[in-house]
Amino acid sequence: MFLEIRGIRKSFGEGDSLVEVLKGIDLSVEKGEFCVLLGPSGSGKSTLLNIIGGIDRADEGSITIAGEKTEDMDEKRLTAYRRKHLGYIFQMYNLIPNLTVRENIEVGAYLSEHPLDVDELMETLGLTAHGKKLPNQLSGGQQQRCAIGRAIVKNPDILLCDEPTGALDYNTSKEILKLIETVNQKYGNTVVMVTHNDAIRNMADVVVKLRDGQIRKTYRNLEKIKAQDLEW
Ligand SMILES: Nc1ncnc2c1ncn2[C@@H]1O[C@H](COP(=O)(O)OP(=O)(O)O)[C@@H](O)[C@H]1O
Ligand SMILES: [Mg+2]
């Protein structure tokens, strides 16, 4: 398995205010698979994603990506690993406000030894005509497309998406889901997407349902529905 999550536990706070957020998570994802992590607000989705991405450390358990255990890495190696192998897309786009669309995407490219072609990617994302604009001159959907570009231009092994359509309307959400689907199929990146939109599960290879810090259900879709055809 490409991504192996074993016995992950995580608590916040201490003493009386200790909250156990992840209570032993086991999950395996194969290379190139599209995994959707569903669960109500507060169920620990972002915490798990941050631990997979090395932004946060687990109290117990291990994350192995392509045979490398992240817990064995010191901070410096973990940072380098993250830069090289992981791409993030968040609900809020986190673009650099004084850089153009193209420059925001190029920032991602500098971090990689094998970046994708920026022009081709901008074309795929429908951003060619917007390359010289600043983020505040774009709609929410366009900003999210730019954020996808910045994350994916590195050609990361794993693309981690935390509620990527959470701030977008229905049509724009579908457009963004279609792009993430295209990227997954075209470049073969493994995708782990967190959402509380139940319909999105139908476009995934693997569906994981999280509640109160535990996995309640995991299953594979034998037939996927294209992002284009999802309804909610
Ligand atoms: N840095 C933190 N410090 C304290 N509590 C936190 C921290 N991060 C998350 N939590 C708590 O952990 C629980 C799960 O949060 P989160 O992983 O963000 O859930 P989700 O993404 O599923 O909504 C929540 O109760 C939240 O308040
Ligand atoms: Mg969250």
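**Figure 1. Thr 47, a buried residue of the predicted model.** Thr 47 has a relative accessible area of 12% and is therefore classed as buried, the cut-off for that class being under 20%. The structure shown is a predicted model. Thr 47 belongs to helix H1. When neighbours within four places in sequence are set aside, the residues in contact with Thr 47 are Lys 10, Phe 12, Val 21 and Leu 22. Thr 47 is also one of the residues around ligand 1, and a polar side-chain atom of Thr 47 lies 2.6 Å from an oxygen atom of that ligand.

**Figure 2. The residues around ligand 1.** The shell around ligand 1 consists of Phe 12, Val 21, Pro 40, Ser 41, Gly 42, Ser 43, Gly 44, Lys 45, Ser 46 and Thr 47. Sorted by class, these comprise three nonpolar, six polar and one charged residues. Helix H1, which spans residues 45-52, gives the most to this shell, with three residues.

**Figure 3. Side-chain polar contacts to ligand 1.** Lys 45 places a polar side-chain atom 2.9 Å from an oxygen atom of ligand 1. For Ser 46, a polar side-chain atom likewise lies 2.9 Å from an oxygen atom of the ligand. The corresponding distance for Thr 47 is 2.6 Å, again from a polar side-chain atom to an oxygen atom of ligand 1. Taken alone, ligand 1 exposes 560 Å², of which the protein buries 54%.

**Figure 4. Antiparallel pairing of strand E4 with strands E1 and E5.** Strand E1, residues 3-12, runs antiparallel to E4 and is joined to that strand by five bridges. Among the residues involved, Leu 3 has Ile 65 of E4 as its bridge partner. E4 also pairs with E5, in the antiparallel sense, over two bridges. Here the bridge partner of Thr 64 is Lys 69, in E5. In a regular strand, side chains alternate between the two faces of the sheet.

Figure 5. The loop between strand E4 (60-65) and strand E5 (68-69) contains Ala 66. Two residues lie between the strands of this hairpin. The phi of Ala 66 is near 50°, a positive value in a residue other than glycine. Most residues other than glycine have a negative phi. Ala 66 counts as partly exposed because its relative accessible area is 48%, and that class lies between 20% and 50%.

**Figure 6. Asn 155 and Gly 188, two loop residues.** Asn 155 is placed in the loop between helix H5 (140-152) and strand E7 (158-162). Its phi is near 55°, a positive value in a residue other than glycine. Gly 188 occupies the loop between helix H6 (170-187) and strand E8 (190-195). The two residues are 33 residues apart along the chain, and their C-alpha atoms are separated by 9.0 Å. With a relative accessibility of 31%, Gly 188 is partly exposed. Residues up to four places away in sequence not being counted, Gly 188 touches Gly 32 and Val 183.

Methods
Residues numbered from 1 in each chain as written. Chains lettered and ligands numbered in written order. Predicted model: local features only at pLDDT ≥ 70, side-chain atom pairs only at ≥ 80, totals over all residues. Heavy atoms only, no water. Near = heavy atom within 4 Å. Polar contact = N/O pair within 3.5 Å; in protein donor to acceptor, adjacent residues only side chain to side chain. Areas by Shrake-Rupley, 256 points an atom, 1.4 Å probe, with all protein chains shown as cover. Helix = DSSP H or I, 4+ residues; strand = E, 2+ residues; numbered from the N terminus. Nonpolar A, V, L, I, M, F, W, Y, C, P; charged D, E, K, R; others polar. Buried < 20%, exposed > 50% of the residue type's maximum accessible area, 1.4 Å probe, protein only. Contact = heavy atoms within 4.5 Å. Pairing = 2+ DSSP bridges.
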